[in-house]
Amino acid sequence: MPGFNRALLATAAVALLATACTGTSSAPQASDDATKDVTITFWHGWSAPSEVAAINANIKAFEAKHPNIHVKAVGNINDDKIKQALRAGGPNAPDVVSSFTTDNVGTFCASNVFSDLKPFLDKSSVDLDKTFPKALQDYTQFEGKRCTLPLLNDAYGLYYNKDAFKAAGITAPPKTLSEFDAAAKLLTKVKGDSFSQLGFMPNFHGYESTTTHFAAQWNATYFTADGKSNLAADPAFAKMLTWQKNLVGSLGGFAKLEKYRASFGDEWGAKNPFHTGQVAMALDGEWRLGMAKEAGVKFDIGVAPFPVPDDQADSYGKGYLSGTIIGIPSTSQKQNAAWELVKYMTTDTDAVVSFANAIHNVPSTLDALKSPELDADPSFRTFLEIAQHPKSSTTPASPNGGAYQLTLQDFAFAYESGAHESGKVTDVAAGLARTDQQIDKDLAQAK
Amino acid sequence: MTSTATIPTGRRRTIDPGLRRKRRREALRNLAFLSPWLIGVSVFFLYPLISTVYFSFMRYDGFTAPTWTGLKNWQYVFTDYPFFWPALRNTLWLVVVMVTLRVIFGLGIGLLITKVKTGAGLFRTAFYLPYLAPPVAATMAFAFLLNPGTGPVNNILARIGLPQPGWFNDPAWSKPALTMLALWGIGDLMVIFMASLLDVPQEQYEAASLDGAGPWQRFRYVTLPNISPIVLFAVVTGVIQTMQYYTQPLVAGKVASGVIGGSGQQFEPGYPDKSTLTLPQLVYHLGFQRFDTGGACVIALVLFALAMVFTALLMRRGSGFLATND
Amino acid sequence: MTLSRAQRANIQHSRLTAAPIRLTAAGRAARRTKTLEWIGVHSLAIAAALFFVLPFVFVFLTAVMSDQQALTRDLWPNSWHWENLRTVWETPGFLTWWKNTLIYAGLGTALTLLSSIPVAYALARFKFRGRNFALMLVISTMMLPPQVVIVPMYLFWAKQLHLSGTLWPLIIPMAFTDAFSVFLLRQFLLTIPKDYVDAAKVDGCGDFRALVRIVLPMAKPAIAAVALFQFFYCWNDYFGPQIYASENPAAWTLSYGLESFKGAHHTNWNLTMAATLLVLAPVIILFFFAQKAFIEGVTLTGVKG
């Protein structure tokens, strides 16, 4: 039947034509007038009611200073959604984006997803070295390209239940890992085939007890100078994994701990295991202070830097750093207006200090760190010190984002449980070497 | 199929103009009726399929323009991507174990419901209801029920004194737990088996029992042959559904691992330990989390090939499907 | 063990005449076996029913527990917190998810029916070259996992048409038929005798009018079944909204919203189970109203296929 054949030919033509339509929309130049009335969309990841209130207050203060710029804020946006929206572009894409993880800075800078901020910084005469601590500058750029700025900082430390410490007869927070292991064992109270109190949850699925957070205490180096994975070559990783496995064994074994972990409440909710007393010590970020107070925790909360390996005892005080990053998508049509918001939120000392106080994060500018308005809580000050410690470190950026961390984490899971879907895992060195290979292959695929 | 009319020689070229008009009208009519499908199949099936093949040879992250990389993506997926082969193995496990158990259980429940005399309607409703539960809701319910620490199931097992498996948190038990979830939603299979069991002619049973056949023999020689097309249908649709198995393993893994997003954890596909990975999840992982469009398209094509193999098998065995009564 | 013809006739006779049954020894044995069979079957049925119903019960019980208790191993709530349901209902976005899911399912079903019926009719009744090929294509697309074509489709909708962050990429394709609906309708339409349509055509009725006036009323059960299936496919869809609507919370559906509920609300199991309950409930309520259509529909797929 002729009609049918013609239809078939037409569809083939459409298909071929459509295949050719791919390509990206070219990024518009920042040509908008920031003094005209405009509405910009700001995506962020905060969702806890107190945090949302804090950022909205911050935005209100900005709008008061810039009455012509209206900000539409959307919260609870995680990185997947950000990447997706930026890929799609179009009128629904945001003008300012903030993200909790520094992982994707590599992707965002390398593929021009975020605009280069250098012209904006120059235009506003912002001197980076005078504004931000060095570590924060490091994790917001990739291979020389600056496409994000730090928006508040996170420092990780040791939280401990002072009441539990007293009951167990521990007088001071542990400074080295052997002191830590001993304390954890002392604080663990077995009940039946579970626990009534666990000293510390070392399992890698235990919220913030992750490979990267632990590895920071050894100042481990993830990549060689030419970008190859360094996990097997740097003895720090093997040491970290062995330490963790020993701790797991001494506290009751992987299976028993996993079962206990399954009974933990939501990490971000009121029933966080540290709040409820299910664990006596926890590795967590500075936000935990505020959250614990809000949850009405009854015991005395102690804060200290997380213990360091015995052979690095003089570097006590360091910790893992991370932070929220903020940038301007290159597809935005309102980049100049967006820059005003970014500049305000990242460099205006009052804004940084009040926001930091409100959500109990570490401020990200040198001026803010010295500000007398900053929360004077001594526990909070501990985190400020950790943030400024010269040996505090973060995880490096990479072209495929956090993929290398996922691969390392995958191996760590296999190692801690002793099992892998392809057989038993007992050899750390061989496992790390295999992990290196996988990371390198993934990076090659991403290039 | 238009029949070629046998026109006496000498008149072959002259076709009745009325007939030509009729044929043209028919052609237009066919086109009109079929047009939604024609557009649909070309825009939403053929075009993306060709695109997928095209992109499997390109490097495209969605931001910069695509570049040709030849077989690099294929080589990466088949040799370097650590999640690919576990996902294939899982699919095989699911096809062999989950589909089989579903068919057997569905047949069993269908049989049971035909034998129930009192309260048949009530039982039927109870058995069918779980099938209606939205997959996300059902999976979350089961993730809660099977929580190794606080779930009711382990609670009851503990009281009886039986060992309590880790269910969705234990790589050895996660797929059996998913299978239990699948058996819970057996309602659709129950109904079609029930209908087909009731369709078996009663006389055949009576004839068999007159010949001295016991219950098992009656089942084997009367019931099974009569319902075998339905069994085949259940198996094939079960396999097709397994190819597409996405929501339940993904939600189960997410909920069981406690990873919500925003914490220090990376999202781990196939928690625990890659045991719940399926190919569709990999398409999402590579395509929408890693932004490796090329790799995602390779996996999509593997998925397509597997689905087509089973479709071909269906065509061969169940050609009754295409019944052309006219 | 079945009764012999004589025994059955015996019982039949006694039922009709209301005379007491004269049981033979074999008859008594048969009666015993029958009772045992009844007990056996019903015990199994009750056990099975427990398996199917208990999860709903536990979800409900947990939904009304207190925060504290939901974390324990307890099965029965100490105190009944009905306000959990209120809390979930009032979660920002919950009503939006409802609205979006209704629009997606309702519009999607309507469009599917409008487009699939003519196509199914053509495939069932019209003769044309390539019809078998078209049918095979329909079946192939029926078997197609959506993930096979999602990557270029997403790029098409998001980059070309800028429709990501909405549910339109899911609704619009339904205006161009759904393979499963076409197949099911076609199979059913084949069973409608041609005489009715032929008679109408003799009277001068066109094909389209014949379809609408004569065939459709006879195809009501199949149409109802297809409508129900499509409605539930959309209602339960998780993958589609995850891909297209995730970046815009205003476009989330119930399935996606429920899964994100834990992250968005920072809650415990009791609230999550309450949310699960509220997502399960409408489906169950609809079932009770549309039972017959449901069962008929499922039967149609299996038995006629």
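1. To start with the pairing: 107 residues of chain C are in contact (heavy atoms within 4.5 Å) with 104 residues of chain B. This is a predicted model, in which local features need pLDDT of at least 70 and side-chain atom pairs count only at pLDDT 80 or more, while totals for chains, interfaces and linings use all residues. Residues are numbered from 1 along each chain as its sequence is written, chains are lettered from A in the order in which they are written, and side-chain values use heavy atoms, without hydrogens and water.

2. Together, chain C and chain B bury about 9,200 Å² (accessible area, 1.4 Å probe, lost on being put together and summed over both), and 76% of that is on carbon and sulfur atoms. On the side of chain C that touches chain B, helix H2 (residues 25-63; helices are DSSP runs of H or I, at least four residues) gives the largest share, 17 residues. That side divides into 70 nonpolar, 22 polar and 15 charged residues, with Pro counted as nonpolar and Gly as polar.

3. B:Phe127 is worth a look: leaving out residues up to four places away in sequence, its partners include B:Met190, C:Ala45 and C:Phe52.

Terms used. Buried area is the accessible area (1.4 Å probe) that two parts lose on being put together, summed over both. Helices (H or I, at least four residues) and strands (E, at least two) are DSSP runs, numbered from the N terminus.
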